[in-house]
Amino acid sequence: GQLTNSIPTFEMPAVVEALAHGAASVETMRRAFASRARLTHRLLSGIDRLRTCESSGAFYAFPCMRACLGLRTPAGRLVDRWGLRKCFTLAMLLAMTGALLAAMWPLMATLALAALSSGAACGLVIFSLQRHVGRITHDLDELRSAFSWLSIGPAVSNFIGPLCAGLVIDWLGFRSAFVLLALFPLLGGVLVRGVNPRPAPV
């Protein structure tokens, strides 16, 4: 990741060259960026419930999604109906099945299926946790604190997961890494058994 905000030394000669001889291409780049900004604004404005302002400079966009708050997705309705434990069980089975398929038949089709099943499992777990955390908090400060901690989990796992998988691949090979990945969801299932989820509202 980016550790500093300074210009890297290997880019400094390019900056000097751009300042000395790059004026001719600035207008071409400005027009390209303006075109991208208009395209971004037009596409975002065509999405229901999104409001966005047209950019006068860079082609960044910060759409207002306030009208989307409180909407429910099919996955969200499933989580509301099933609750935390059933959703975790389904996610655990999806993740384990995908990883074991990849370990047994490391072909492109099974790897794609493994990626699909593990992605679905991850999404289901995130929906379940967000619902549960939102229901066990009692005030706004507690809610903010709980969701702050909840957001740290995926960030930490996005670092530790690939690192551990890479080490296992280097030491034991791909199949062993997939088998190990198939065992990890069991740990989540054991941890969730101790949770006492509040009943869903009628």
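Predicted model: local features only at pLDDT ≥ 70, side-chain atom pairs only at ≥ 80, totals over all residues.

**Entry 1: the loop**

I started with Arg-49, which is found in the loop between H2 and H3. Helices here are DSSP runs of H or I with at least four residues, strands are E runs of at least two, and both are numbered from the N terminus. Residues are numbered from 1 along each chain as its sequence is written, and side-chain values use heavy atoms, with hydrogens and water left out.

What made me stop at Arg-49 was its phi, which is positive at about 75° although the residue is not a glycine. Most residues other than glycine have a negative phi. Arg-49 is partly exposed, with a relative accessible area of 48%. My cut-offs for that: buried is under 20% relative accessible area, exposed is over 50%, and partly exposed is in between, with a 1.4 Å probe and protein chains only.

Thr-52 also sits in the loop between H2 and H3. Is Thr-52 buried or exposed? It counts as buried, at 16% relative accessibility. Leaving out residues up to four places away in sequence, I find Thr-52 touching His-41, Leu-44, Ser-45 and Pro-63; contact means heavy atoms within 4.5 Å.

**Entry 2: the largest pocket**

Next I looked for open space. Rolling a probe the size of a water molecule over the atoms shows where empty space is left. The search uses a 1 Å grid over the protein atoms alone; a pocket is an open set of points where a 1.4 Å probe fits, with protein on both sides within 12 Å along at least five of seven lines, and lining residues have an atom within 4 Å of a point.

The largest pocket comes out at about 1,600 Å³, a volume being the space filled by probe spheres set on the points, which are joined across faces, edges and corners. I get 42 lining residues, with Ala-95, Cys-122, Ser-157, Phe-184 and Pro-185 nearest the centre. Helices H3 (74-104), H4 (108-136), H5 (140-172) and H6 (174-193) are the elements that give two or more residues to this lining. H5 gives the most, with 12 residues.

Arg-131 lies in H4 and Asp-80 in H3, so the pair ties together parts that are 51 residues apart in sequence. Arg-131 is buried at 13%, whereas Asp-80 is partly exposed at 27%.

**Entry 3: the other salt bridges**

My rule is a side-chain nitrogen of Lys or Arg within 4 Å of a carboxyl oxygen of Asp or Glu, and the count comes to 4. Arg-31 and Glu-27 meet at 3.2 Å, N to O, and both lie in H2 (residues 23-45), 4 residues apart, about one turn of the helix. Arg-31 is exposed at 55%, and Glu-27 is partly exposed at 33%. Glu-27, Arg-30 and Arg-31 are linked in a network of salt bridges.

Arg-144 and Asp-141 pair at 3.7 Å, N to O, both in H5 and 3 residues apart. Asp-141 is exposed at 58%.

**Entry 4: cysteines**

How many disulfides are in the whole structure? I find 0, a disulfide being a pair of cysteine sulfur atoms within 2.5 Å. The sulfur of Cys-64 has its closest cysteine sulfur in Cys-68, 8.5 Å away and too far for a bond. For Cys-122, the closest is in Cys-87 at 14 Å, again too far for a bond. Cys-64 is partly exposed at 25%, and Cys-122 is partly exposed at 43%.
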